[in-house]
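Please describe the structure shown below.

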Amino acid sequence: MLERLTELAAELDFELSTVDVDARAADGDATLRAEYGDRLPVVLLDGAEHSYWDVDEPQLRADLAARRREEWNS
């Protein structure tokens with residue numbers, strides 16, 4: 001999934017960041033592990049859960065296009 005998201009980020013010009021929730025939990029912050037643990041890996045778009053386990057590429061493309069339209073109109 002990360003490989004495909006990296007390709008999409010380059011193609012569609014969006015910022016991609018990753019968080020290792022297991023490492024965070026080992027460092028004492030289990031918040032993300034508790035919230036997303038059974039759905040990892042998870043994709044967030046603008047802080048909201050977009051998809052998990054696999055990239056919903058058609059929906060991601062549509063949502064990114066809609067976000068760009070909103071940015072242009074504001």
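In what order do the elements of the protein chain run from the N terminus on? The order is α-α-α-β-β-α. The protein chain has four helices and two strands. Helices (H or I, at least four residues) and strands (E, at least two) are DSSP runs, numbered from the N terminus. Along its principal axes, the C-alpha trace spans about 40 × 25 × 20 Å.

This is a predicted model, in which local features need pLDDT of at least 70 and side-chain atom pairs count only at pLDDT 80 or more, while totals for chains, interfaces and linings use all residues. Residues are numbered from 1 along each chain as its sequence is written, and side-chain values use heavy atoms, with hydrogens and water left out.

**Helix packing.** The axes of helix 1 and helix 4 come within 12 Å and cross at roughly 30°. Axes are lines fitted to C-alpha atoms, for helices over the stretch in contact, and angles run from 0 to 180 degrees between N-to-C directions. Helix 1 is therefore roughly parallel to helix 4 (angles under 35 degrees count as roughly parallel). Their crossing is right-handed (the near helix is turned clockwise from the far one by less than a right angle). In helix 1, Arg4, Leu5, Leu8, Glu11 and Leu12 meet Glu57, Leu60, Arg61, Leu64 and Arg68 of helix 4; contact means heavy atoms within 4.5 Å.

| Feature | Value | Place |

The largest pocket has a volume of about 690 Å³. On a 1 Å grid over the protein atoms alone, a pocket is an open set of points where a 1.4 Å probe fits, with protein on both sides within 12 Å along at least five of seven lines; lining residues have an atom within 4 Å of a point. The volume is the space filled by probe spheres set on the points. Of the 25 lining residues, Ser17, Thr18, Val42, Val43 and Leu44 are the closest to the pocket centre. Strand 1 gives the largest share of the lining, four residues. By class, the lining has 17 nonpolar, two polar and six charged residues (Ala, Val, Leu, Ile, Met, Phe, Trp, Tyr, Cys and Pro count as nonpolar, Asp, Glu, Lys and Arg as charged, the others as polar).

Note on methods. Angles under 35 degrees count as roughly parallel, over 145 as roughly antiparallel, 65 to 115 as roughly perpendicular and the rest as oblique.
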